[in-house]
Amino acid sequence: KVKIKMHPARELYHCKLKKLLPPIKFAFAYGSAVFQQQNRPKGKMLDLVFAVDDPVQWHTLNLRMNPAHYSGLRWLGPNPIAAIQRYPAAVYYNTLVKADSQTMMKYGVVSVEDLCDDLVNWRWLYASGRLHKPVRNKS
């Protein structure tokens, strides 16, 4: 039998993050931790974007499961976080999150509706800009 080795970012998502985070409709990883650039050391920060159906519900669950992922904004609650997420690019990032003992990550949360709007209409050019670079689908 041939055993196919999973990319470390995909393995991290499927084995660990999927169990630690609320449901995600679509996810992708980007950046130098996923795609090593020629003549440069591999990046140390895993960059992810999660598309979710309902940002308020997702942040509600994630605040319960992972309050340490959030800055002081966690004290405001999920509704203000989802409202802040709408500006300036419809993506809210949690940064400097320990994915495991060896991996730091940052992850952005965007609604599926806003992601589609950005991809079709280039409304913010943020998520669509990320997808114009090499990415790995995590879903």
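In this predicted model, Pro55, Val56, His59, Thr60 and Leu63 of helix α2 meet Pro78, Asn79, Ile81, Ala82 and Gln85 of helix α3. The axes of α2 and α3, the latter spanning residues 78-85, come within 8 Å and cross at roughly 125°. Angles of 65 to 115 degrees count as roughly perpendicular and those over 145 as roughly antiparallel, so α2 is oblique to α3. The crossing of α2 past α3 is right-handed.

**Leu63 in the helix pair**

- Leu63 belongs to helix α2 and counts as buried, because its relative accessibility is 14% and the limit for burial is under 20%.
- Apart from neighbours within four places in sequence, Leu63 is in contact with Tyr70, Arg74, Gly77, Pro78 and Ile81; Pro78 and Ile81 are also among the α3 residues that meet α2.

**Overall architecture**

- The protein contains five helices and five strands, which follow one another along the sequence in the pattern α-β-β-α-α-β-β-α-α-β.
- The protein has 139 residues, of which 40% count as buried.
- Among contacts with a separation of 6 or more, 59% join residues 24 or more positions apart.

**Nonpolar cores**

- In soluble globular proteins, nonpolar side chains tend to be buried together.
- The largest nonpolar core here holds 21 residues, and those touching the most other members are Leu21, Leu46, Leu48, Phe50, Trp58, Met105 and Tyr107.
- At least two residues of this core come from each of β1, β2, α2 (55-65), β3 (92-98) and β4 (104-111), and the largest share, four residues, is supplied by β2.
- Trp58 touches Leu21, Pro22, Pro23, Ile24, Phe50, Val52, Tyr70, Tyr107 and Val109, when residues up to four places away in sequence are not counted.

**Loop residues: buried or exposed?**

- His69 is found in the loop between α2 and α3. A relative accessible area of 16% is below the 20% limit, and His69 is therefore buried.
- Beyond its neighbours within four places in sequence, His69 is in contact with Leu21, Asn62, Asn94, Thr95, Val97 and Tyr107. Leu21 and Tyr107 are also among the core residues that touch the most other members.
- Lys44 is in the loop between β1 (26-30) and β2 (45-52). At 75% relative accessibility, Lys44 counts as exposed, because the threshold for that class is over 50%.
- Lys44 and Met104 are 60 residues apart in sequence, and their C-alpha atoms are 6.8 Å apart in space.

**Backbone features**

- The peptide bond joining Tyr87 and Pro88 is cis, with omega at about -10°. Pro88 is in the loop between α3 and β3.
- Ala90 is found in the loop between α3 and β3. Ala90 is not a glycine, yet its phi is positive, near 70°.
- With a relative accessible area of 0%, Ala90 is buried.
- Trp122 is another non-glycine residue with a positive phi, of about 50°. Trp122 lies in the loop between α4 (112-121) and α5 (127-130).
- Trp122 has a relative accessibility of 48% and counts as partly exposed, because this value falls between the 20% and 50% limits.

**Confidence in the model**

- The mean pLDDT of the protein is 83, and 82% of its residues reach 70 or more.
- Among the elements, α2 has the highest mean pLDDT, at 97, whereas helix α1 (residues 8-20) has the lowest, at 64.
- Over residues 1-6 the pLDDT stays under 50, and for this stretch the model has three contacts beyond four places in sequence.

Note on methods
Residues numbered from 1 in each chain as written. Predicted model: local features only at pLDDT ≥ 70, side-chain atom pairs only at ≥ 80, totals over all residues. Heavy atoms only, no water. Buried < 20%, exposed > 50% of the residue type's maximum accessible area, 1.4 Å probe, protein only. Core = buried A, V, L, I, M, F, W, Y, C linked by side-chain atoms within 4.5 Å. Contact = heavy atoms within 4.5 Å. pLDDT = per-residue confidence, 0-100. Axes fitted to C-alpha atoms, helices over the stretch in contact; angles between N-to-C directions. Parallel < 35°, antiparallel > 145°, perpendicular 65-115°, else oblique. Left-handed = near helix turned anticlockwise from the far one by under 90°.
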